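Hi,

Here is the structure I promised to pass on.

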Amino acid sequence: MPTANAKSHSAKVSNAAPRNVDEYFAGVPEPARSKLHQMRAAIRSAVPPEATEAISYRIPAFKYNGPLLWYAAFSDHCSLFPTAAVIAAFEKELKRYTTSKGTIHFPVDKPLPATLIRKLVRARVAQKVQKKQR
């Protein structure tokens with residue numbers, strides 16, 4: 001889940017809460033918007049078809065049997081918020097990136113690792129499916 005601090009440093013121009021994902025994207029300046037579109041495409045390719053997009057905590061989110069993950073644009077990076085457990089599971093693969101307990105920063109001036117993002121998303125989906133089966 002994104003932190004309150006992360007929201008305050010968003011690349012969005014407007015302080016008004018976006019009503020939908022398209023509105024969020026419209027408020028994100030380049031080059032972050034292009035990277036965010038790439039991230040969205042990578043996420044979409046890895047989530048089940050039933051997953052939906054929404055705004056949660058003022059940033060885009062995917063939902064699948066409840067909240068799945070969040071993503072957002074900032075001035076110098078795009079963040080993916082796949083949960084702390086997913087980040088811990090991929091610690092070695094994420095060494096090149098700035099991480100915290102719940103977020104991964106992908107610099108906007110570097111190629112986006114779409115394959116890695118898809119792996120992270122699939123791991124998060126598996127986590128949700130396993131939790132639902134309990």
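Predicted model: local features only at pLDDT ≥ 70, side-chain atom pairs only at ≥ 80, totals over all residues.

Residues are numbered from 1 along each chain as its sequence is written, and side-chain values use heavy atoms, with hydrogens and water left out.

Back to Asn20. With a relative accessible area of 36%, Asn20 is partly exposed (buried means under 20% relative accessible area, exposed over 50%, and partly exposed in between, with a 1.4 Å probe and protein chains only). Asn20 and Ala54 are 34 residues apart in sequence, and their C-alpha atoms are 6.3 Å apart in space.

Now the overall layout. The protein has 5 helices and 6 strands; these are DSSP runs numbered from the N terminus, with helices being H or I of at least four residues and strands E of at least two. Along the sequence the pattern reads α-α-α-β-β-β-β-α-β-β-α. Of the 134 residues, 46% count as buried. The accessible surface comes to about 7300 Å², and carbon and sulfur atoms account for 53% of that (Shrake-Rupley method, 1.4 Å probe; for residues, only the protein chains shown count as cover). If you take the contacts (heavy atoms within 4.5 Å) between residues at least 6 apart in sequence, 55% of them join residues at least 24 apart.

Next, the core. In soluble globular proteins, nonpolar side chains tend to be buried together. Here the largest nonpolar core has 40 residues, and Met39, Ile43, Tyr71, Leu80 and Ile117 touch the most other members. By nonpolar core I mean a set of buried Ala, Val, Leu, Ile, Met, Phe, Trp, Tyr and Cys residues joined through side-chain atoms within 4.5 Å. At least two residues of this core come from each of helix H2 (21–26), helix H3 (32–46), strand S2 (59–63), strand S3 (67–73), strand S4 (77–81), helix H4 (84–89), strand S6 (104–107) and helix H5 (114–133).

How do H3 and H5 cross? Their axes come within 8 Å and cross at roughly 45°; axes are lines fitted to C-alpha atoms, for helices over the stretch in contact, and angles run from 0 to 180 degrees between N-to-C directions. H3 and H5 are therefore oblique to each other (under 35 degrees counts as roughly parallel, over 145 as roughly antiparallel, 65 to 115 as roughly perpendicular, and the rest as oblique). On the H3 side the contact is made by Met39, Ala42, Ile43, Ser45 and Ala46, and on the H5 side by Ala114, Ile117, Arg118, Val121, Arg122 and Val125.

The peptide bond from Glu30 to Pro31 is cis, with omega near 5°, and Pro31 lies in the loop between H2 and H3. Asn65, in the loop between S2 and S3, has a phi near 55°, a positive value in a residue other than glycine. Thr83 is not a glycine either, yet has a positive phi of about 95°. Thr83 lies in the loop between S4 and H4 and counts as buried at 16% relative accessibility.

Last, two more residues to look up. Lys63 lies in strand S2 and is partly exposed at 33% relative accessibility. Lys63 touches Ala51, Thr52, Ala54 and Leu68, not counting residues up to four places away in sequence. Arg96, in the loop between H4 and strand S5 (98–99), counts as exposed at 71% relative accessibility. Arg96 and Phe106 are 10 residues apart in sequence and 9.4 Å apart in space, C-alpha to C-alpha.

Cheers
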